Amino acid sequence: MVLSLPDDAVSGGDSGHPDSASRSADLPRSAAVLARMRSENFPVAARILPTGLRRHLHALYGYFRLVDYAGDEAPGDRDALLDLLELELKRAYQGIARIPILRALTPTVAECAIPHDVLVKLIDANRQDQRVRRYETFEDLVDYCALSANPVGEAVLHVVGRAEPRLISLSDRICTALQILEHCQDIAGDHQQDRVYLPAEDLRRFGCTESELIAARASTRLRGLVKFEVDRARRLLESGAPLVGELSGMARVAVAGYVAGGRATAAAFAAAGHDPLRVRVRPSRRRTFLEWGLLSALGGPR
Ligand SMILES: CC(C)=CCC/C(C)=C/CC/C(C)=C/COP(=O)(O)OP(=O)(O)O
């Protein structure tokens with residue numbers, strides 16, 4: 001996603017509070033956060049939204065990235081940093097957050113009525129990342145995605161004023177599918193961090209061992225497994241795609257962009273022979289825009 005945040009929203013803490021001051025110094029400065037933004041998907045669709053909505057998505061995106069940083073990249077005690085972010089999130093709801101990126105969240109959660117429990121799930125997902133490094137079943141993975149990915153879509157629906165239970169459930173399908181596609185793209189990188197998001201039951205079923213996840217190219221067995229995961233994610237994505245047809249205006253176009261990105265990623269896997277070890281699997285712009293145009297014009301399948 002290509003999205004930008006004001007520098008002062010991400011430039012670390014300014015707290016005079018004795019507890020939080022030293023730990024908030026561990027948070028990334030604006031350059032690091034912005035560099036990461038330029039390589040991701042969420043803000044692409046956000047760019048087309050009217051300024052008011054875009055401002056809210058920027059604020060949310062800063063929060064998502066910060067929580068992710070605390071769980072994935074921060075040096076030192078990540079649990080303590082996540083505790084600090086939970087405290088700061090609470091303060092953001094009270095309008096008294098000290099860390100700028102959390103302060104920037106206050107008008108967004110107030111104006112869009114985003115429930116606290118939606119945003120706190122992302123912190124819980126990152127806590128889970130500190131202790132759970134393998135998932136036995138697909139259902140276990142889906143439960144993880146309910147914390148790590150689905151709140152992103154739910155927050156977006158709040159921003160566009162359509163956070164209705166039926167639409168949230170469609171959004172959950174899209175977000176879980178996008179997260180699983182990301183896991184398939186990042187198999188090697190995740191393994192370097194001692195994390196395997198391919199369910200262990202599926203590894204066994206396809207006769208794959210973890211040592212195959214760090215090879216220069218995927219074995220035939222691993223390619224079969226990746227195809228299985230991508231196809232299942234693609235079906236899940238399509239089952240959520242009717243959300244596009246339920247929305248109108250720029251919200252429809254933005255959400256179509258997320259679904260299009262997922263479709264184009266699945267197509268990129270097929271083009272790469274389902275081998276994410278040999279090549280970096282990335283959706284092509286052409287395919288993304290093609291799918292985006294189709295979805296925006298026609299809505300998702302019903
Ligand atoms: C309404 C609607 C359907 C909106 C879609 C919003 C959207 C782009 C959701 C993506 C969810 C996702 C994959 C989150 C994890 O990303 P990450 O980069 O944090 O992944 P990581 O945890 O593996 O780093």
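The legends below describe an overall view and several close-up views of one predicted model.

In this predicted model, local features need pLDDT of at least 70 and side-chain atom pairs count only at pLDDT 80 or more, while totals for chains, interfaces and linings use all residues. Residues are numbered from 1 along each chain as its sequence is written, and side-chain values use heavy atoms, with hydrogens and water left out.

View 1. Helices (H or I, at least four residues) and strands (E, at least two) are DSSP runs, numbered from the N terminus. Of the 302 residues, 54% count as buried, where buried means under 20% relative accessible area, exposed over 50%, and partly exposed in between (1.4 Å probe, protein chains only).

**View 2. The largest cavity holds about 60 Å³ of space.** On a 1 Å grid over the protein atoms alone, a cavity is a set of points where a 1.4 Å probe fits but cannot get out, and lining residues have an atom within 4 Å of a point. Grid points are joined across faces, edges and corners, and the volume is the space filled by probe spheres set on the points. Among the residues that line this cavity are H183, D190, R195 and Y197, and helix α13 (residues 187–192) gives the largest share of the lining, three residues.

**View 3. The second largest cavity holds about 30 Å³ of space.** Its lining includes L141, H183, Y197 and E229, and the largest share, three residues, comes from helix α12 (residues 165–185).

**View 4. R134 and D194 meet through their side chains in a salt bridge (2.8 Å, N to O).** R134 lies in the loop between α9 (116–131) and α10 (138–148) and D194 in the loop between α13 and α14 (200–205), so the pair ties together parts that are 60 residues apart in sequence. A salt bridge is a side-chain nitrogen of Lys or Arg within 4 Å of a carboxyl oxygen of Asp or Glu. R134 is partly exposed, with a relative accessible area of 34%, and D194 is also partly exposed, at 37%.

**View 5. R204 and E136 form a salt bridge through their side chains (2.6 Å, N to O).** Because R204 lies in helix α14 and E136 in the loop between α9 and α10, this pair ties together parts that are 68 residues apart in sequence. R204 is exposed, with a relative accessible area of 55%, whereas E136 counts as partly exposed at 36%.

Methods: 1 Å grid on protein atoms, 1.4 Å probe; cavity = no way out; pocket = protein on both sides within 12 Å on 5 of 7 lines; lining within 4 Å.
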